[in-house]
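I opened the model today to look up a few residues and the elements around them. My entries follow in the order in which I made them.

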Amino acid sequence: MASRRLLPDPDASGREESGPGWPEIASAVRRQVPIVFAWTLTTCVTAVALTFTLPKEYESDSSLLLDPANLGAEAQVLEALGWFTRSGQADTEVQLLTSRRVSEPTVARLGLNVRLKTSERSGYPSDLLPTLRASSDAEPANYRLIRDGAFWTLLPGDGSDPLGHAAPGERIAVNGLYFTAPEQPTSADIEIEVVPVGKAIDDLKDRVSVTQGSVDGELIRIECTGPSPSAARLLCDGITSAYIGLRAELQRTEASTTADFLLGQSELIRGRLE
């Protein structure tokens, strides 16, 4: 039986395998340029489209400086005894600022339980109809305010029978919704949506951030967002005003309680002396 032997290639020992050369690499890069360009262009177009289509958000901020002299008599005594820190007081004030006792009056004062929309934009009453407010017990509903000749007409959302008419400068009050008909409106057709107060409070909390602005706890920073610069600024102003009102109320209550306690103690001591 014949056998075969494989003989080595005499030229194989002199050759070494190598990767693609520069011409091959350059050719591969040239083939990928259209793909890279297409991805880059798509990303840029998407970013521009999102910039113009997404609702704009504006920011505003304010700061509160804690005054130890106004922390209350009990807090001052504890501070003197070394049992109280300003950082702890700052935590308490942050909780007050984010509480319902601050957010609810802010919603009522700014009419944040009402949403407005025109053909050009949407927002809160401060942007489109500053006099518009809805009471806390107003039923959630949709309305439409249109300019009909020299008068304004308030319609239900379904466009049925009108709920009220008013000349510019006159007042309309329907179903807990009240406002003064505008003299110079931003639009002749305004859609109005009344939302539950609870939802408005939740939306407010999403738009407000309260943090300690300094390590020692003396400064509190309030940051607010809104669909317009004025809406963001008014929100910060509303939160600050409601907090100051709540703090004054708490101090009056504390002073009254302290006075009653001292009066009771003095009567008790007088009775023992007698």
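I took helices (H or I, at least four residues) and strands (E, at least two) as DSSP runs, numbered from the N terminus. I worked on a predicted model, in which local features need pLDDT of at least 70 and side-chain atom pairs count only at pLDDT 80 or more, while totals for chains, interfaces and linings use all residues. Residues are numbered from 1 along each chain as its sequence is written, and side-chain values use heavy atoms, with hydrogens and water left out.

Entry on Ser62. I found Ser62 in strand S1, residues 58-65. Is Ser62 buried or exposed? I noted it as buried, because its relative accessibility is 18% (buried is under 20% relative accessible area, exposed over 50%, partly exposed in between, with a 1.4 Å probe and protein chains only). The side chains of Ser62 and Thr240 make a polar contact of 3.5 Å (a pair of N or O atoms within 3.5 Å; within protein, one must be able to donate a hydrogen and the other to accept it, and residues adjacent in sequence count only if both atoms are side-chain atoms). Setting aside neighbours within four places in sequence, I listed Ile220, Arg221, Ile222, Cys236 and Thr240 as contacts of Ser62 (heavy atoms within 4.5 Å).

Entry on the cores. I then followed Ile222, which touches Ser62, Leu97, Val208 and Ile239, among others, not counting residues up to four places away in sequence. In the largest nonpolar core, of 27 residues, Ile222 is one of those that touch the most other members, along with Leu97, Val208, Leu235 and Ile239 (such a core is a set of buried Ala, Val, Leu, Ile, Met, Phe, Trp, Tyr and Cys residues joined through side-chain atoms within 4.5 Å). Which element gives this core its largest share? I read H7, with 6 residues. A second, separate core has 20 residues, including Trp152 and Ile192.

Entry on the sheet. I traced an open sheet of 6 strands in the order S3-S2-S10-S5-S6-S7, with antiparallel pairing (two strands pair if DSSP finds at least two bridges between them). Strands S3 (122-123) and S7 (164-166) are at the edges with a single partner strand each, so one side of each has no neighbour in the sheet. Between the antiparallel strands S5 (141-148) and S6 (151-156) I noted 6 bridges, and Arg144 has Leu155 in S6 as its bridge partner.

Entry on Asn175. I placed Asn175 in the loop between strand S8 (171-174) and strand S9 (177-180). Asn175 is exposed, at 51% relative accessible area. Its phi is positive, about 55 degrees, although Asn175 is not a glycine.
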